[in-house]
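Keep the picture open as you read.

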Amino acid sequence: MSTLRFCPHGGTTVSGNLLVPTDPADYRHRRVPIFLGCNHLVCSECGQEVRQAPNLRVQGLHSNLPDLNASDDWASLTCTFLEHDVRLYACACRGWLETHMLLMEPPDLDPEEGPELPWRCKGNPLPSLPAMFDGSDLSDDASLLVLVDAAMNGTVPSKAPAPASFVPSIWLSRLYGYLQGTPAAEGMLNIMQAAVESGHPTRVGTALRFYARFPRAAGFISVLKLAEEVGLGAQYPSAFGEKTIERQVGDAVFSRATSNEGDPLDAKALAMTLAGLSEPGVTVATEIVRELVRDHPEWAARNAVAIVTADPSRLGSLMYGLKDADEPADEVVAGLSLAADPAVDSEALLGGSYWR
């Protein structure tokens with residue numbers, strides 16, 4: 001029995017200028033920042049598979065549902081006409097003209113305007129190789145190596161959807177999401193680990209962006225070893241269109257630390273991340289700081305001054321995280337130590353809304 005993969009939020013309908021894959025194994029992976037339309041929506045009320053057509057509008061959608069259901073060629077119907085950037089959807093009991101995108105389950109991007117449709121993703125199978133992926137041959141280990149190596153050098157297949165079309169690290173994440181669960185995915189992870197260990201700045205940077213999205217993928221130990229060697233704040237470039245963006249090693253480590261499932265690599269990533277909160281020059285997103293403080297309030301209270309001294313902008317995240325933890329004693333310990341330190345902004349400390 002094949003393993004099915006499901007689109008997040010029950011699937012998504014998308015406009016005519018976004019991609020609905022024709023390959024039944026191609027789907028929207030929750031860790032890949034690409035908006036793909038679900039290609040296997042099924043209606044829970046009439047039981048029919050939802051059909052769709054890009055750049056097509058129908059005059060009188062509800063009244064013409066019987067004609068849509070009876071036709072294999074919607075474009076040939078007299079009630080339909082071409083219109084760019086829209087997509088027509090219909091099952092036996094409902095129709096919908098998508099002009100942007102709509103999540104089938106909350107949180108919806110625009111719940112006040114979007115309808116509640118009884119359509120849900122019924123799952124996508126594992127890919128069967130050989131296959132064509134974004135217009136490129138994906139038939140064996142050799143072809144996989146060619147595609148991954150090209151992406152490491154900044155070139156992705158011509159039919160890759162945006163933003164993967166100009167951000168190779170996102171395309172590599174898309175490829176892995178497609179292959180995940182197959183032997184080919186294991187071969188790809190061997191390549192990603194080798195890239196982290198390569199010493200080539202752009203290959204390292206691109207692989208780090210991959211592991212930031214898939215921190216539980218095999219080979220992550222190479223990221224931790226690199227962080228020990230160069231520090232969490234060390235930066236490596238990855239391609240972004242015709243430019244490059246510098247990203248720090250810590251981003252991947254933080255991602256593993258906050259996806260904690262209790263294994264030894266999780267513990268190591270967490271220890272490095274907590275230590276990094278006290279290191280100047282290490283950038284940590286405010287939501288990650290707050291989450292870490294909430295989960296480790298006693299540690300945060302003891303290290304409050306070092307955390308804020310390393311980056312004064314962390315004051316709010318620190319105090320809100322302690323408030324989230326609901327441990328008043330730790331809030332008091334942190335507040336007193338911060339108030340006693342002349343380097344801490346006392347107005348920001350006392351004026352915050354995080355106090356009970």
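Two residues are in contact when heavy atoms of theirs lie within 4.5 Å. Among contacts in this protein between residues at least 6 apart in sequence, 63% join residues at least 24 apart. Before going on, note that this is a predicted model, in which local features need pLDDT of at least 70 and side-chain atom pairs count only at pLDDT 80 or more, while totals for chains, interfaces and linings use all residues. Residues are numbered from 1 along each chain as its sequence is written, and side-chain values use heavy atoms, with hydrogens and water left out.

Now look at the whole. The protein has 14 helices and 11 strands; these are DSSP runs (helices H or I, at least four residues; strands E, at least two), numbered from the N terminus. Along the principal axes, the C-alpha atoms fill a box of roughly 75 × 50 × 40 Å. Of the 356 residues, 48% are buried, where buried means under 20% relative accessible area, exposed over 50% and partly exposed in between (1.4 Å probe, protein chains only).

What lies inside? A nonpolar core is a set of buried Ala, Val, Leu, Ile, Met, Phe, Trp, Tyr and Cys residues joined through side-chain atoms within 4.5 Å. The largest one has 78 residues, and Trp171, Met188 and Leu318 touch the most other members. Helix H4 (residues 183–196) gives the most to this core, with 8 residues. Leaving aside residues up to four places away in sequence, Met188 touches Leu144, Val148, Leu172, Leu175, Tyr176, Leu179 and Phe210.

Let's finish with the aromatic rings. Rings of Phe, Tyr and Trp (its six-membered ring) pair if their centres lie within 6.5 Å; planes under 30 degrees apart count as stacked, over 60 as edge-to-face and the rest as tilted. By this rule there are 9 aromatic pairs. One of them, Phe133 with Trp171, is tilted, at 6.0 Å centre to centre and 50° between the planes. Phe133 lies in strand E8 (residues 131–133) and Trp171 in helix H3 (residues 168–179), so this pair ties together parts 38 residues apart in sequence. Phe133 is buried, with a relative accessible area of 1%, and Trp171 is buried too, at 0%.

Why is the pair of Tyr176 and Phe214 edge-to-face? The ring centres are 4.8 Å apart and the planes stand at 80°, so the pair counts as edge-to-face.
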